[in-house]
Amino acid sequence: MAAATAVPAATQQKSKLPINIQSNQATFDQKNGKSVYEGAVKLTRGGLTLTGDKLVLTNTRQRGQLHAVLTGSPAQIAKKPDQAGSHTIDGHAQRLIFDNPDRTVTMRGEAFLKRADGNAVRGAKIIHNLDTDQSRALRGNKNNERVKVTLQPKDTSGNGNK
């Protein structure tokens with residue numbers, strides 16, 4: 001008998017939160033588990049908000065597990081802290097890919113992500129884990145396209161950034 005894989009309680013609770021979507025129009029393909037939302041799209045789940053022009057949402061094999069691709073000029077992400085030690089983040093890219101099973105947002109095309117403490121990163125691609133609050137940035141294929149990071153000094157007076 002194979003050992004069961006433990007799923008952290010916080011992740012289980014987040015997977016039970018409803019996903020709310022607003023748009024100007026929506027098309028549903030129940031047979032293929034796909035829906036398309038267009039025009040001023042806004043997806044919210046807990047403290048996570050994604051906005052853009054077009055959202056393609058696909059159900060994966062497991063019920064409730066979703067793969068969302070949001071495009072825009074740019075598509076935007078905003079996340080409020082949902083656990084101790086996490087930060088508010090804001091960002092944008094030409095394409096945001098949200099994978100519900102592993103709780104990551106992959107940002108592609110002129111990606112930019114900024115935390116509330118002022119630290120920021122730019123790159124052709126940024127992968128951000130919503131549970132661990134860790135990000136990975138990658139450069140693009142163009143000659144001068146490199147990852148750019150801004151790190152703010154810590155406020156040691158006790159009045160600001162930590």
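Modeller: A residue is called buried when its relative accessible area is under 20%, exposed when that area is over 50%, and partly exposed in between. Asp 117 has 10% relative accessibility, so Asp 117 counts as buried. The model shown above is a predicted one.

Biologist: How many residues does the protein have, and what share of them is buried?

Modeller: The protein has 162 residues, and buried residues make up 33% of them.

Biologist: Which elements make up the protein, and in what order do they run?

Modeller: The protein contains 1 helix and 10 strands. Starting at the N terminus, the order is α-β-β-β-β-β-β-β-β-β-β. The strand names used below, such as β3 for residues 34-45 and β5 for residues 66-79, follow that numbering from the N terminus.

Biologist: Let us turn to charged side chains. How many salt bridges does the whole structure hold?

Modeller: Side chains of opposite charge can pair when their charged atoms come close. A search of the whole structure gives 2 salt bridges. One of them joins Arg 115 and Asp 117, with 2.6 Å from N to O. Asp 117 is buried at 10% relative accessibility, whereas Arg 115 is partly exposed at 25%.

Biologist: Which residue forms a salt bridge with Asp 131?

Modeller: Asp 131 pairs with Arg 103, and their closest N and O atoms are 3.1 Å apart. Asp 131 sits in the loop between β8 and β9, and Arg 103 in the loop between β6 (89-99) and β7, so this pair ties together parts that are 28 residues apart in sequence. Asp 131 has a relative accessible area of 19%, and so is buried. Arg 103 is buried too, at 7%.

Biologist: What is there to read in the backbone of Arg 103?

Modeller: Most residues other than glycine have a negative phi. Arg 103 has a phi near 55°, a positive value in a residue that is not glycine. Asp 133 also has a positive phi, near 65°. Asp 133 is placed in the loop between β8 and β9, and with 12% relative accessibility Asp 133 counts as buried.

Biologist: And the peptide bonds: which form does the one from Ser 73 to Pro 74 take, cis or trans?

Modeller: Most peptide bonds are trans. The bond from Ser 73 to Pro 74 is cis, with omega near -5°. Pro 74 belongs to strand β5, residues 66-79.

Biologist: Back to arginines. Is Arg 45 buried or exposed?

Modeller: Arg 45 has a relative accessible area of 7%, so Arg 45 is buried. Arg 45 lies in β3, residues 34-45. The Arg 45 side chain makes a polar contact with the side chain of Asn 100, at 2.6 Å.

Biologist: How is Arg 146 placed, buried or exposed?

Modeller: Arg 146 is exposed, because its relative accessibility is 58%. Its place is the loop between β9 and β10. Positions apart in sequence can also be compared in space: Arg 146 and Arg 122 are separated by 24 residues in sequence, and their C-alpha atoms are 8.4 Å apart.

Biologist: Next, rings. How many aromatic pairs are there, and which residues form one?

Modeller: There is 1 aromatic pair in the structure. It is made by Phe 28 and Tyr 37, with 6.0 Å from centre to centre and 80° between the planes. Planes over 60 degrees apart count as edge-to-face, and that is the class of this pair. Phe 28 is exposed, with a relative accessible area of 54%, while Tyr 37 is buried, with 10%.

Biologist: How does the lining divide by class?

Modeller: The lining of the second largest pocket holds 6 nonpolar, 4 polar and 3 charged residues.

Key. Residues are numbered from 1 along each chain as its sequence is written. This is a predicted model: local features need pLDDT of at least 70, side-chain atom pairs count only at pLDDT 80 or more; totals for chains, interfaces and linings use all residues. Side-chain values use heavy atoms; hydrogens and water are left out. Ala, Val, Leu, Ile, Met, Phe, Trp, Tyr, Cys and Pro count as nonpolar, Asp, Glu, Lys and Arg as charged, and the others, Gly among them, as polar. Helices (H or I, at least four residues) and strands (E, at least two) are DSSP runs, numbered from the N terminus. Buried means under 20% relative accessible area, exposed over 50%, partly exposed in between (1.4 Å probe, protein chains only). A polar contact is a pair of N or O atoms within 3.5 Å; within protein, one must be able to donate a hydrogen and the other to accept it, and residues adjacent in sequence count only if both atoms are side-chain atoms. A salt bridge is a side-chain nitrogen of Lys or Arg within 4 Å of a carboxyl oxygen of Asp or Glu. Rings of Phe, Tyr and Trp (its six-membered ring) pair if their centres lie within 6.5 Å; planes under 30 degrees apart count as stacked, over 60 as edge-to-face and the rest as tilted.
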